[in-house]
Amino acid sequence: MSTKLFDLSGKTALITGATHGLGMAMAIGLGKAGATLIINGASSQKKLNNALAEYKALGLKAHAYLFDVTDEKQVIENIAKIEKEVGQIDILVNNAGIIKRTPLEDMEVVDFEQVIKVDLVSPFIVSKHVVKGMIARKEGKIINICSMMTELGRNTVGAYAAAKGGLKMLTKNMATEWAKHNIQVNGIGPGYFATSQTAPIRVDGHPFNDFIVGRTPAGRWGDPDDLQGAAIFLSAKASNFVNGQIIYVDGGILATIGKPSNES
Ligand code: GCO
C-alpha cells in the first residue's frame with residue numbers, strides 16, 4: 001500500500017494555539033509527517049518564540065505568527081502575511097481554545113461569551129479566511145478540535161460544552177458547504193489528556209483524577225502524542241473521502257457507560 005497516503009511532504013499546516021499542549025503535540029506529528037508548520041499563539045511573543053525554538057530543535061520546518069484568532073482584522077492580516085511569506089495553507093487545525101470552570105448559575109455572561117468566542121467563533125473566523133485559498137485551489141483540509149464535551153455534559157464546564165457541541169455542527173456544516181471544492185472538514189475529539197488545561201484536576205488524589213482513570217477503559221490519561229495519528233490521517237490523502245466526521249481519541253470513554261469502582 002502506498003505510504004504516500006499519510007505523507008504530508010510539500011504541504012503547509014497552520015495550527016492555532018500551538019505553543020504548548022495538544023496543539024503542539026499535533027503540530028509535531030504533522031511536522032514529522034513532512035508538513036511545513038505555521039504555529040500560532042496569542043499570549044506573548046516570548047512564549048511563541050520559545051515554542052518555535054522547540055519545533056526547530058526537533059528538526060521541523062516551522063514558522064510562528066502571533067495573532068488573536070478571535071480578532072477578524074488580525075486574522076485577515078496574518079493569513080495574508082503567511083500566504084505571502086510562507087505560502088499557501090493546505091491544512092488548518094483549529095485548536096486554540098480556553099475553558100472556564102464555573103457553575104452555570106454563577107457564571108458571568110462576559111465569561112460565557114468569551115469561551116464561546118474563542119472556542120466556537122474563532123474556528124469560524126480563521127476557517128472563513130483560510131478556506132478562500134483552498135476553494136481557489138480546489139483542495140484543503142480543516143480539522144476542528146472538539147472535546148468529550150462535544151457529546152457529554154459535566155459540572156462547571158457548561159460554556160465550554162456549548163462551544164464544543166456547536167463546533168461539532170459547525171464542522172458538519174463546513175463539510176457540507178466545502179466538500180464540493182475537494183475540501184475535507186473533520187474534527188478530533190480528545191478525551192482526557194495530561195496537559196496544562198487539565199493539570200488542576202489531574203493532581204494525584206484529586207477525586208476527578210481517580211474518576212477519569214476509572215471512567216476511561218484504557219485506564220489512563222491520554223498522552224498528547226496519542227493525538228498525532230488522527231491529526232496526520234485527517235490532514236493526509238488517506239482521508240480524502242472523509243467529511244464531517246469527529247474522530248474521538250478518548251481511550252474508550254464514549255464507548256461505555258462506565259463501571260462500578262469495585263469492578264476491575
Ligand atoms: C474538564 C477538562 C475537559 C478536557 C477535554 C475533554 O474540565 O472537563 O478540561 O474539558 O480538557 O476537553 O475532552
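Me: What should I know about the model before I start?
Reply: It is predicted, so local features need pLDDT of at least 70, side-chain atom pairs count only at pLDDT 80 or more, and totals for chains, interfaces and linings use all residues. Residues are numbered from 1 along each chain as its sequence is written, and side-chain values use heavy atoms, with hydrogens and water left out.

Me: OK, the sheet. What is the strand order?
Reply: E3-E2-E1-E4-E5-E6-E7, an open sheet of seven strands with parallel pairing. Strands are DSSP runs (E, at least two residues), numbered from the N terminus. Two strands pair if DSSP finds at least two bridges between them.

Me: Which strands are at the edges?
Reply: Strand E3 (62-66) and strand E7 (246-249). Each pairs on one side only.

Me: How many bridges join E6 to E7?
Reply: Four, and E6 covers residues 183-190. The partner of Gly-187 in E7 is Ile-246.

Me: Which strands does helix H5 lie across?
Reply: Strand E5 (140-145), E6 and E7. H5 (residues 158-178) runs at about 160 degrees to E6. Axes are lines fitted to C-alpha atoms, for helices over the stretch in contact (heavy atoms within 4.5 Å). Angles run from 0 to 180 degrees between N-to-C directions. Helices are DSSP runs too (H or I, at least four residues).

Me: Switching to H4. Where is the kink?
Reply: At Val-121, shortly before Pro-123, with a bend of about 45 degrees. The bend is the angle between axes fitted to the seven residues ending there and the seven starting there.

Me: And what follows H4?
Reply: Lys-138, whose phi is positive, near 55 degrees.

Me: Now the ligand. How many residues surround it?
Reply: 14, with Arg-101, Arg-154, Pro-190, Tyr-192 and Gln-197 the closest. Near means a heavy atom within 4 Å.

Me: Which side chain has an N or O atom 2.7 Å from a ligand oxygen?
Reply: Tyr-160. A backbone N or O atom of Met-148 also lies 2.7 Å from an oxygen atom of the ligand.

Conventions. Polar contact = N/O pair within 3.5 Å; in protein donor to acceptor, adjacent residues only side chain to side chain.
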